[in-house]
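Biologist: I would like a close look at a single part of this model. Please keep to what can be computed from the atoms.

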Amino acid sequence: MEFRTCRRHWGAEFISDDVVRFRVWAEGQKDLTLRLTDTDIPMAAVGDGWFQIDVPGVRHGTTYQFVLQDGMAVPDPASRAQQADVNGPSVVIDPRRSLPAQREWQGRPWEETVIYELHIGTFTGEGTFRAAIDKLPYLAELGITQLEVMPVSQFGGARGWGYDGVLLYAPHSAYGTPDDFHAFIDAAHALGLSVVLDIVLNHFGPEGNYLPLLSPAFFHQDRMTPWGNGIAYEVEAVRQYIAEAPLFWLSEYHLDGLRFDAIDQIHDDAETHILPEIAQRIRDAFPDRHIHLTTEDSRNVIF
């Protein structure tokens, strides 16, 4: 299987073997600085609220932050990993280092599905991706065929349900590193278990969400959800951030599907709603894999 990664408009991306492009939409800032470990480098405004800089000599594992015009340092909203918590430095990740061990795995057809919903933080005493691997044979012997992993995007604090994530592309650091999550998925596939990820695209949690400072236009000021201001999905940069996240998890982590949380709270005024758009992009990107998409929708609840 050829390695695939999702082309992202946001974040830190290797554009050659030793050059990383840092790019962020910060229409609420006049100036923005990249803090690369201990070195500050002014970023260039490249139009429509975007800031960008290409930096040579950056290696996998390098830490970085964006420094706002008032001097506050914030993580990359499209961080692939955090050094520690949700408020600290982000970490440059080279996804080319993490080829799936089960490269020929194409998933399992839906009619074979027996789901086990799994919360990484409580599944074992350690509450980590690596610790969970040791219990996977038991689930396979039990007759489970699909693991539905509750949200793992980085959220505030060490423990929680995961539904208050704020860094949509970064596995929660208390659970482990991106390599640890890759190892968990590889181990599941080796046992014939498909892995589906619960993903939250309807809101951001309260701690560690710096998008209102970077880009106030990311949110509607007059449209609310149960968790705060609604996301402005119709804005191009916002749509890119949200729509590319599902493709990212499916391509870079070789997941077998996604469960979309509370889609009744995803209000999109665009001509094509963002969810069918995401689904079509997934079908186009992975025509030969068994990719399963499910949703939670309170409009289906009958009282």
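Is histidine 182 buried or exposed? Please also describe the parts around this residue.

Modeller: Histidine 182 is buried, at a relative accessible area of 12%; buried means under 20% relative accessible area, exposed over 50%, and partly exposed in between, with a 1.4 Å probe and protein chains only. This is a predicted model, in which local features need pLDDT of at least 70 and side-chain atom pairs count only at pLDDT 80 or more, while totals for chains, interfaces and linings use all residues. Residues are numbered from 1 along each chain as its sequence is written, and side-chain values use heavy atoms, with hydrogens and water left out.

Histidine 182 belongs to helix H4. Helices (H or I, at least four residues) and strands (E, at least two) are DSSP runs, numbered from the N terminus. Apart from neighbours within four places in sequence, the contacts of histidine 182 are Ser98, Glu252 and Tyr253, where contact means heavy atoms within 4.5 Å.

Helix H4 covers residues 178–190 and also contains aspartate 180. The side chain of aspartate 180 makes a salt bridge with that of arginine 130, at 2.6 Å from N to O. A salt bridge is a side-chain nitrogen of Lys or Arg within 4 Å of a carboxyl oxygen of Asp or Glu. Arginine 130 sits in helix H2 (residues 129–133), so this pair ties together parts that are 50 residues apart in sequence. Aspartate 180 counts as buried at 15% relative accessibility, whereas arginine 130 is partly exposed at 43%.

Helix H6 takes in residues 236–252. Its 17 residues should span 24 Å at 1.5 Å a residue, and the end C-alpha atoms of H6 are 23 Å apart, which agrees; the expected span is 1.5 Å times one less than the number of residues. H6 bends by about 30° at alanine 245, and proline 246 follows within four residues. The bend at a residue is the angle between axes fitted to the seven residues ending there and the seven starting there. Of the 17 residues of H6, 16 are buried, so this helix is largely enclosed by the rest of the structure. Just after H6, histidine 254 has a positive phi of about 55°.

Two other salt bridges can be described. Aspartate 94 pairs with arginine 96, with the closest N and O atoms 2.8 Å apart; aspartate 94 is buried at 11% relative accessible area, and arginine 96 is partly exposed at 38%. Arginine 259 pairs with aspartate 261, with the closest N and O atoms 3.2 Å apart. Arginine 259 is buried at 13% relative accessibility, and aspartate 261 is buried at 7%. The structure holds 17 salt bridges.

As for the setting, the protein chain has 7 helices and 18 strands. Of its 303 residues, 56% count as buried. Among contacts between residues at least 6 apart in sequence, 71% join residues at least 24 apart. The C-alpha atoms of the protein chain fill a box of roughly 55 × 50 × 35 Å along the principal axes.
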